[in-house]
Amino acid sequence: MKYTTEITINRPRTEVVEKMDNPENMKHWQRGLISYEQLRGAPGKEGAQMQLHYKMGKRDMALTETIIKNDFPTAFHATYSAKGVHNIQNNYFHEVDSNTTKWISESEFQFKGFGMKLMGFLMPGAFKKQSKKYMEDFKSFVENGTSVAEEN
């Protein structure tokens with residue numbers, strides 16, 4: 001399953017990228033994030049891996065992020081792997097003008113196992129909705145300083 005999501009953030013690209021590139025900020029825009037742990041490599045560098053722990057309702061989930069390409073301020077590509085699912089994320093940050101940034105995220109989900117493949121087939125909208133929500137929460141964090149951390 002592949003799709004593209006985009007959002008316009010009313011802040012300069014340097015500020016957007018600075019907030020995106022700081023793992024301490026993830027809790028402010030990724031609902032359900034409980035913790036993260038650097039597994040290997042230098043944080044933010046290509047090949048580095050980080051374990052992300054989420055609580056989604058009553059379900060605990062761990063994802064492994066692997067940085068494929070860090071070409072900030074223009075691009076950041078990573079994969080996210082969990083049991084039964086592999087997500088490839090290609091993110092691009094375009095300077096619309098000196099105070100506006102467009103974030104374009106290309107997502108590809110690869111499912112393993114009958115249950116996950118079925119969920120991907122029956123509920124593609126849920127994945128797109130979650131991606132859009134993260135982007136909206138990031139925009140709100142960057143523009144207004146609004147954090148979802150209290151809601152976790």
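**Exercise 1.** In this predicted model, find which residues have the most contacts inside the largest nonpolar core, and which elements give two or more residues to this core.

*Solution.* Start with the core itself: the largest nonpolar core holds 25 residues, and Leu-52, Phe-93, Trp-103 and Phe-138 have the most contacts inside it. Next, assign the elements. Two or more residues come from each of the helices α1 (13-20), α2 (26-29) and α4 (124-144), and likewise from the strands β1 (2-9), β3 (49-56), β4 (59-71) and β5 (75-82). The most is given by α4, with 5 residues.

**Exercise 2.** List residues in contact with Phe-93, leaving aside neighbours within four places in sequence.

*Solution.* Take the contacts in sequence order. Phe-93 meets Arg-13, Val-16, Val-17 and Met-20. Then come Phe-72, Pro-73, Thr-74, Ala-75 and Phe-76. Thr-101, Lys-102 and Trp-103 complete the list for Phe-93.

**Exercise 3.** Determine how far the nearest side chain of opposite charge is from Glu-65, and which side chain is joined to Glu-65 by a polar contact.

*Solution.* First locate the residue: Glu-65 is in strand β4. Then check its charge partner. Glu-65 is buried and has no salt bridge; Arg-40, the nearest side chain of opposite charge, is 11 Å away, whereas a salt bridge needs the atoms within 4 Å. A polar contact of 2.8 Å does join the side chains of Glu-65 and Tyr-80. Beyond four places in sequence, residues touching Glu-65 include Leu-52, Phe-76 and Ala-78.

Terms used
Residues numbered from 1 in each chain as written. Predicted model: local features only at pLDDT ≥ 70, side-chain atom pairs only at ≥ 80, totals over all residues. Heavy atoms only, no water. Core = buried A, V, L, I, M, F, W, Y, C linked by side-chain atoms within 4.5 Å. Buried < 20%, exposed > 50% of the residue type's maximum accessible area, 1.4 Å probe, protein only. Helix = DSSP H or I, 4+ residues; strand = E, 2+ residues; numbered from the N terminus. Contact = heavy atoms within 4.5 Å. Lys, Arg positive; Asp, Glu negative; His and termini not counted. Polar contact = N/O pair within 3.5 Å; in protein donor to acceptor, adjacent residues only side chain to side chain.
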